[in-house]
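Dear colleague,

Please find the structure below.

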Amino acid sequence: MKRRNRLSLLTLVFTLVFSTTVFAAVKPPELIGKAAISVDMDTNEIIYTKNIDNKMYPASITKLITALLLAENKKSTDNLTYTESAKNQPAFSYNLNKHPIAVGETMSADNVMDGLLLFSGNDIAYMIADNVGGDEVKFAKMMNDKAASLGMKGSHFLTPNGLDDANDGHYTTAYDLTLLGRAAYKNDWVKASMGKKTSVIKSANGPEATVENRNKLLGVAGNVGGKTGVTLKAGRCLVSVYERNGRHIIGVVMNSEYNLPQDTKVFEDMTKLIDYSYSAQKEVLNKKDTAIKTISVPYKVIPFIGPKRTISVPLQTKEDVSFYNNDVKPVTSLNVASINPWKLNKDTSVGTLAISQKDSNMSYKLYPTISKSALIKANIIIYVAAAILLIVVIALILLLISSIRRRKNRNGRRIRF
């Protein structure tokens, strides 16, 4: 009896521990940031959502689109000229916080990129705007055109560095920043720059300066790049790209707490978000080998002749239809080709089931649960009757032929006499 009780107790303890572990692994995290999202970059699937379409201020994350435009319009070996509008930028700037630069002095585009993405120099962003666009206004148009081409429908940019104290017209959304972050990561030059922990840069007439990446998570637990940002209106913001076991996930946290001097909260938010995203399990919308929809297909009982009938064809997938359960509800649609019932085969696809969440589009092949043999079974009485009728007709024809032959034989014998 004692042994049985011990066994029951051990079973209960194991069940409780296992259940708690599983629950903890799949429970979405509580984040300080007012908006956040994670996306599987390889499939475009949205994993975690929190106010992803709310209007937010991006602060220095803006510099990712500035970096993209630099990469698309200049070579790394080109020289850029330091301008008056760059000189007028407040701290945090290379001119004020590292080494003074004179208007008209030059810096290589490669150094400019690192000064923008690692050091996050506000003056460096304006240097790019003037050299690439001509001035701040023209460059803003380039930024908005680029955003539109990336599908960033909830964004509008005014400044190349993201400073927003003077206006409310410089904004974006957490979702839009996943589109920008993915585009930045796909650009080799931008990707290489934001993946550096440090870089030594200099202007043509200035001394060398070591700039450090302000992304504290870089190189930790698969973090391969990103961009930080902060203003009073934006709060602490972070975009990060991760790679673990060949799988890429991008995370965005916006308007988190800026807890100086430690400055840890936004990075803690990101760590929670990414750890959850790699462990999150999909929810099954439709199980494999289970009918998703039944369609009626017309056919002729006897091909090319008739009569006409319809048959119900259940459609199913051979894999689970699944998605990450979040605030973006999946939209499903079926696309079924014209079906010839006499060619139905359980192993031949007749269409697709699409499931979408914003830019995420997954496609599953649809297969009939019946084959053409079902038509025969459904009309077996007709086919038996038709077969009997055919046999009777053939028999009558044979009898007629036999009768005609006998008559001819009799007529032939009469002629001989």
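Strand S8, spanning residues 235–244, is mostly covered, with eight of its 10 residues buried (buried means under 20% relative accessible area, exposed over 50% and partly exposed in between, using a 1.4 Å probe and protein chains only). Strands (E, at least two residues) and helices (H or I, at least four residues) are DSSP runs numbered from the N terminus.

This is a predicted model, in which local features need pLDDT of at least 70 and side-chain atom pairs count only at pLDDT 80 or more, while totals for chains, interfaces and linings use all residues. Residues are numbered from 1 along each chain as its sequence is written, and side-chain values use heavy atoms, leaving out hydrogens and water.

Two strands pair if DSSP finds at least two bridges between them. Strand S7 (residues 223–231) runs antiparallel to S8, and eight bridges join them; Asn-223 has Tyr-242 in S8 as its bridge partner. Three residues lie between S7 and S8 in their hairpin.

S8 also pairs with strand S9 (residues 247–256) in the antiparallel sense, over eight bridges. Here Arg-244 is partnered by Arg-247 in S9. The hairpin of S8 and S9 has two residues between the strands, and Asn-245 in the turn has a positive phi of about 55°.

Helix H10 (residues 265–279) contains Leu-273. Leu-273 counts as buried because its relative accessibility is 0%. Beyond residues up to four places away in sequence, Leu-273 touches several residues, including Pro-29, Tyr-48 and Val-253 (contact means heavy atoms within 4.5 Å). The C-alpha atoms of Leu-273 and Val-253 are separated by 8.6 Å, and these residues are 20 apart along the chain.

Yours sincerely
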